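Please open the structure in a viewer and follow the stops below in order. Each stop names a selection and then describes what is found there.

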Amino acid sequence: MGESAAEGEVFKALADPTRRVILDELAERDGQTLFEICSRLTMRHGLGLSRQAVSQHLEVLARAGLVTGRREGRYKFHHIDTTPLDRLTDRWRREN
Amino acid sequence: MRIYVTSVYVDDQDKALSFYTGKLGFEVKADVPVGEHRWLTVVSPADPDGCELLLEPDAHPAAKPFKAALVDDGVPLTSFYVDDVEAEYERLRGLGVRFTQEPLRMGDVTTAVLDDTCGNLIQILHKPGLVKQ
């Protein structure tokens with residue numbers, strides 16, 4: 001069985017270490033503003049990325065379905081969604 | 001040269017006065033009518049002769065889109081020092097204050113971000129030794 005375009009997006013999203021750190025931080029506390037994500041990357045990981053760069057990483061994660069944006073009034077929060085990971089490696093596993 | 005005042009742009013000075021004194025606990029330092037608005041400043045009771053915070057009307061057409069864009073990204077307009085972020089978070093939440101970032105420890109710095117109800121997000125911060133007691 002081959003790879004779907006959607007799965008391709010997931011692998012692409014996961015290939016970048018900064019994006020994996022973003023997922024780590026969202027897994028620790030789900031639902032963060034862009035500002036909080038930027039603060040965590042800078043202060044905890046020494047990753048001094050621009051807000052724009054972090055925004056672009058979030059877009060790649062969103063395209064892969066790993067992050068969703070939720071608007072609450074004037075605020076916007078980013079949430080992790082691990083659903084795309086559930087069956088991602090099934091094709092390499094031996095069925096029992 | 002010294003910094004004696006800094007501003008937050010508020011959508012309503014009466015509402016701002018109520019929030020910054022009633023919830024945050026600042027005290028009025030100056031309240032002088034100026035045209036259709038007021039020169040309205042507050043100070044911390046812990047530092048009454050310190051830097052004043054001007055509750056400045058966001059009447060300029062550029063102010064509102066600027067504020068909205070910051071809030072959209074969760075960016076605080078300014079930052080206030082507190083002795084204990086967790087304790088302030090609990091106290092203010094008890095008063096109905098909305099936070100967009102719960103207390104977050106990053107090394108020796110702890111921050112949280114709240115909504116001032118006047119169109120701004122405000123960060124509270126603690127870092128040991130930052131402010132002389």
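Predicted model: local features only at pLDDT ≥ 70, side-chain atom pairs only at ≥ 80, totals over all residues.

For the first stop, one definition is required: Ala, Val, Leu, Ile, Met, Phe, Trp, Tyr, Cys and Pro count as nonpolar, Asp, Glu, Lys and Arg as charged, and the others, Gly among them, as polar.

**First stop: the cavity**

Select Lys67(B), Leu70(B), Val71(B), Val75(B), Pro76(B), Leu77(B), Gly119(B), Asn120(B) and Leu121(B), which line the largest cavity. By the definition above, this lining consists of six nonpolar residues, two polar ones and one charged one. Which helix gives the most to the lining of the largest cavity? That helix is H2 (residues 63-72) of chain B, with three residues.

**Second stop: a buried glutamate**

Is Glu36(A) buried or exposed? Its relative accessibility is 1%, and therefore it counts as buried. When neighbours within four places in sequence are left aside, Glu36(A) is in contact with Arg29(A) and, in chain B, with Thr100(B), Gln101(B) and Leu104(B).

Side chains of opposite charge can pair when their charged atoms come close. Over all chains, the search finds 22 salt bridges.

Select Arg40(A) together with Glu25(A): their side chains form a salt bridge, with an N to O distance of 2.5 Å. This pair links distant parts of the chain, since Arg40(A) belongs to helix H3 of chain A and Glu25(A) to helix H2 (residues 17-28) of chain A, 15 residues apart. Arg40(A) is buried at a relative accessible area of 0%, and Glu25(A) is buried at 7%. Now extend the selection to Glu25(A), Glu28(A), Arg29(A), Glu36(A), Arg40(A) and Arg44(A), which salt bridges with shared partners join into one network.

Proceed to Arg91(A) and Glu3(A), whose side chains meet in a salt bridge (3.0 Å, N to O). Arg91(A) lies in the segment after strand S2 (75-80) of chain A and Glu3(A) in the segment before helix H1 (5-14) of chain A, so the pair ties together parts that are 88 residues apart in sequence. Both are partly exposed, Arg91(A) with a relative accessible area of 29% and Glu3(A) with 43%.

Finally, return to chain B and select Asp58(B) and Lys64(B), a salt bridge whose closest N and O atoms are 3.1 Å apart. Asp58(B) is buried, with a relative accessible area of 5%.

Notes:
Residues numbered from 1 in each chain as written. Chains lettered and ligands numbered in written order. Heavy atoms only, no water. Buried < 20%, exposed > 50% of the residue type's maximum accessible area, 1.4 Å probe, protein only. Contact = heavy atoms within 4.5 Å. 1 Å grid on protein atoms, 1.4 Å probe; cavity = no way out; pocket = protein on both sides within 12 Å on 5 of 7 lines; lining within 4 Å. Helix = DSSP H or I, 4+ residues; strand = E, 2+ residues; numbered from the N terminus. Salt bridge = Lys/Arg side-chain N within 4 Å of Asp/Glu carboxyl O.
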